[in-house]
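The following paragraphs guide a new reader through one structure. They begin with the packing of its helices and then turn to other features.

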Amino acid sequence: RGKRAFIAGVADDNGYGWAIAKSLAAAGAEIIVGTWVPALNIFESSLRRGKFDESRVLPDGSLMEITKVYPMDAVYDSPDDVPEDVKSNKRYAGSSKWTVKELVESVKQDFGSIDILVHSLANGPEVTKPLLETSRNGYLAAISASSYSFVSLLKEFVSIMNPGGASISLTYIASERIIPGYGGGMSSAKAALESDTRVLAFEAGRKHKIRVNTISAGPLRSRAAKAIGFIDMMIDYSLANAPLQKELSAEEVGNAAAFLASPLASAITGAVVYVDNGLNAMGVGV
Ligand code: NAI
């Protein structure tokens, strides 16, 4: 049987989640995705209307199939956690079962099990503010959406993940080096995500034979990155300074994720794998 992958954080065809889905599909995996509730309608209607057909093309010429799209909001674990104003929000009221526990329960009912869990989501409401000007709420929101969301997803999914399975998240070098402009506690959130990758690799490895890795990706002009506001500068900086002077494509990150999720990487767990044209290895700009 082919592997089944759940990819959390796909809402268009520009981000890393989409590219990872494609690489996994090209390797023969069945693809199911989780889409942030406020982005669900537009994503599903665009899919239906064929807006993504060009970017669905796989190397063999076939189109990537997404077996099912689930609504999700990874900052809520169960309905009890959802505040009234969100519950009554028109976009949220139009969907159901989008908290993490309910989502995993639905996937279990529909498919029984998965082999690969991909976390490709982040959110920091105050990302454009320096850390020194970040509010407690903004900081905690960044951690909740960008770090604990992975703990929560793995915690719930691990019970329906087949032994030998793997999970992958996306991180950024701002966790370990100063990247001015990546604010709002997002640098802190990525540091937590990387540390959790190690601890969860131990816990999920021992208990469930599941591997846990994270990809430290170079800059990509995704929707989320454009919202931060400095993405063009980061791409130019990488072009000027990285060992490999080419623009990073989402597909390169997708392919690394497919490798890490595959048996080819069966001894790799707890790792931060750089897919950034080598920029992380530089000590100074050139
Ligand atoms: P993206 O915009 O394609 O993906 C972010 C996704 O997170 C969106 O689909 C959004 O709807 C979803 N999301 C936000 N809050 C959510 C919530 N509460 N529940 C569920 N989904 C939620 O952007 P991108 O850049 O591809 O981001 C994917 C991952 O890659 C993120 O973890 C990001 O930090 C990471 N990354 C991105 C880099 C870049 O330059 N674009 C560089 C290094 C890491």
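In helix 5, the residues Val100, Lys101, Leu103, Val104 and Val107 meet Ser152, Leu153, Glu156 and Phe157 of helix 6. Sorted by class, the residues of this contact between helix 5 and helix 6 comprise six nonpolar, one polar and two charged. The model in which these contacts are found is a predicted one. Helix 5 covers residues 100-111 and helix 6 covers residues 136-157.

Two packed helices are described by the angle between their axes and by the distance between those axes. For helix 5 and helix 6, the axes come within 9 Å and cross at roughly 35°. The crossing in which helix 5 passes helix 6 is right-handed.

Helix 6 also packs against helix 7, which is formed by residues 186-208. How do the axes of helix 6 and helix 7 cross? They come within 9 Å, and the angle is roughly 20°. Because an angle under 35 degrees counts as roughly parallel, helix 6 is roughly parallel to helix 7. The crossing of helix 6 and helix 7 is right-handed. On the side of helix 6, the contact involves Tyr139, Ala142, Ile143, Ser146, Ser147, Phe150, Val151 and Leu154. These residues meet Met186, Ser188, Ala189, Ala192, Leu193, Asp196, Leu200 and Ala204 in helix 7. By class, the contact of helix 6 with helix 7 contains twelve nonpolar, three polar and one charged residues.

A further pair is made up of helix 1 (residues 16-26) and helix 10 (residues 250-261). The axes of helix 1 and helix 10 come within 7 Å and cross at roughly 55°, which means that helix 1 is oblique to helix 10. This crossing of helix 1 and helix 10 is right-handed. Helix 1 contributes Tyr16, Ala19, Ile20, Ser23 and Leu24 to the contact. Helix 10 contributes Ala250, Glu251, Val253, Gly254, Asn255, Ala257, Ala258 and Ala261. In the contact of helix 1 with helix 10, nine residues are nonpolar, three are polar and one is charged.

Which residues are closest to the ligand? Of the 26 residues that surround the ligand, the closest are Tyr16, Ala74, Lys190, Leu220 and Ser222. A polar backbone atom of Tyr16 is 2.8 Å from an oxygen atom of the ligand. Ser222 places a polar side-chain atom 2.5 Å from an oxygen atom of the ligand. For Leu170, a backbone N or O atom lies 3.5 Å from an oxygen atom of the ligand.

Two loop residues remain to be described. Lys97 is located in the loop between helix 4 (90-93) and helix 5. Although Lys97 is a residue other than glycine, its phi is positive, near 55°. Lys209 is found in the loop between helix 7 and strand 6 (211-217). Lys209 is not a glycine either, and it has a positive phi of about 60°.

Conventions
Residues numbered from 1 in each chain as written. Predicted model: local features only at pLDDT ≥ 70, side-chain atom pairs only at ≥ 80, totals over all residues. Heavy atoms only, no water. Axes fitted to C-alpha atoms, helices over the stretch in contact; angles between N-to-C directions. Helix = DSSP H or I, 4+ residues; strand = E, 2+ residues; numbered from the N terminus. Parallel < 35°, antiparallel > 145°, perpendicular 65-115°, else oblique. Left-handed = near helix turned anticlockwise from the far one by under 90°. Contact = heavy atoms within 4.5 Å. Nonpolar A, V, L, I, M, F, W, Y, C, P; charged D, E, K, R; others polar. Near = heavy atom within 4 Å. Polar contact = N/O pair within 3.5 Å; in protein donor to acceptor, adjacent residues only side chain to side chain.
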